[in-house]
Amino acid sequence: MSDDTLLSGRSLVTGAAGFIGTALAKALLARGGEVTVADVRPVAIDHPNARHVVVDVTDRDRLAEQIGGHRAVFHLASNTENRPGHASRWIDFDVTAGGAVALLEALTQSPPAVTVLASSQLVYGDGVGAADELSTPLRPATAFAAAKAAAEAFLCSYAHRTGTRAVCCRLANVIGPGFGRGVVADLATRLRDEPGRLRVLGDGRQRRSFVHVDDCVSALLCAALGAGPGFTALNVSNLDSLTIAEVAKLIGDCSVHGAPEIEFAGGAAWHGDATALFPDAGRLLRLGWKPLHSSSEAVRATAQGILSPRGR
Ligand SMILES: NC(=O)c1ccc[n+]([C@@H]2O[C@H](COP(=O)([O-])OP(=O)(O)OC[C@H]3O[C@@H](n4cnc5c(N)ncnc54)[C@H](O)[C@@H]3O)[C@@H](O)[C@H]2O)c1
């Protein structure tokens with residue numbers, strides 16, 4: 001660990017109104033840090049050490065005014081819609097890539113000791129099987145993934161320019177109570193709305209690693225503390241993985257109406273979906289990260305939040 005006091009100083013979290021950003025900001029506050037929570041929407045954190053900044057990360061002037069003086073920066077603000085037809089390439093270009101460049105430019109004047117970017121496993125593309133940070137080439141298959149790869153490249157050049165530590169964390173599927181996107185939320189919502197039947201897109205054989213949001217937060221903190229000098233890429237994925245058929249079964253078992261009939265539509269779920277991608281988290285594990293929840297536990301926690309009467 002480079003500096004145990006790093007995260008009890010001033011930190012900045014962008015995308016702090018989001019699912020991971022809120023959990024991360026709360027974790028930093030719980031460590032006694034002062035946290036600037038920045039987002040284009042208001043952040044639902046009420047804490048004396050939280051400083052609220054409403055900012056669009058593409059607004060270079062406002063960023064330059066608002067984000068100086070932090071020891072650690074976690075950049076999570078991004079477009080988070082990856083499905084073609086649901087997102088626009090320009091949003092990926094403007095917000096995910098452009099927002100990262102704007103933030104890094106603003107940080108350059110007085111760089112923090114460490115800058116962490118929330119990237120995605122999808123930078124590797126599909127069909128690559130086991131992916132590791134040092135030998136697997138980046139072949140993004142969607143505009144979302146291409147913009148993440150671009151943001152990583154700018155982060156790397158920023159690390160060289162400033163001589164500071166910079167880490168991109170390539171997140172697998174991060175889920176947990178309250179998460180409303182992606183395959184688990186989609187299937188649980190379908191089952192809640194139509195108990196007894198669960199229709200699954202694709203053939204159910206796609207395999208994914210699911211990370212509980214609390215483990216994702218501990219991974220981001222571990223990356224900030226433990227990554228070495230210069231630029232580092234780290235996979236954040238679980239030790240295990242599940243097929244979508246296994247996910248559907250786990251979700252069905254959470255239903256209070258009994259196990260549903262599960263149907264598979266067949267073929268690929270959608271263009272750009274990663275069917276065979278297994279990022280290896282070995283580098284992060286060697287830095288001391290230890291996930292506390294299996295993929296199954298993360299799926300159950302997410303589904304139960306949607307299927308319980310309170311999740312309606
Ligand atoms: N959840 C996952 O499975 C997962 C997987 C891979 C990568 N990631 C990455 O982790 C980060 C956080 O993801 P999340 O699941 O919490 O998503 P989220 O959608 O809940 O949070 C993203 C936040 O970014 C904010 N934002 C968007 N555009 C902005 C802008 N122009 N200016 C300022 N703020 C803006 C949103 O308001 C939102 O609060 C993202 O960068 C995402 O791409 C998440």
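Which residues gather in a patch of negative charge on the surface?

1. The patch of negative charge on the surface is formed by D56, D59, D61 and E65. Patch residues have over 30% relative accessible area and no salt bridge, with like charges joined within 9 Å; a salt bridge is a side-chain nitrogen of Lys or Arg within 4 Å of a carboxyl oxygen of Asp or Glu. Asp and Glu count as negative, and the charge is placed at CG of Asp or CD of Glu.

2. This is a predicted model, in which local features need pLDDT of at least 70 and side-chain atom pairs count only at pLDDT 80 or more, whereas totals for chains, interfaces and linings use all residues. Residues are numbered from 1 along each chain as its sequence is written, and side-chain values use heavy atoms, without hydrogens and water.

3. D56 lies in the loop between β3 (50-54) and α2 (60-66); helices (H or I, at least four residues) and strands (E, at least two) are DSSP runs numbered from the N terminus. With a relative accessible area of 35%, D56 is partly exposed, a class between buried (under 20%) and exposed (over 50%), computed with a 1.4 Å probe and protein chains only.

4. Q66 belongs to helix α2 and is buried, at 18% relative accessibility. Apart from neighbours within four places in sequence, Q66 is in contact (heavy atoms within 4.5 Å) with R51 and V53.

5. K148, in helix α4 (residues 143-162), is buried because its relative accessibility is 6%. Beyond its neighbours within four places in sequence, K148 is in contact with S78, T96, A118, S119, S120 and V123.

How values were computed. Patches are made of residues with over 30% relative accessible area and no salt bridge: like charges are joined within 9 Å, nonpolar side chains (Val, Leu, Ile, Met, Phe, Trp, Tyr) within 5 Å. Accessible areas come from the Shrake-Rupley method with a 1.4 Å probe; for residues, only the protein chains shown count as cover.
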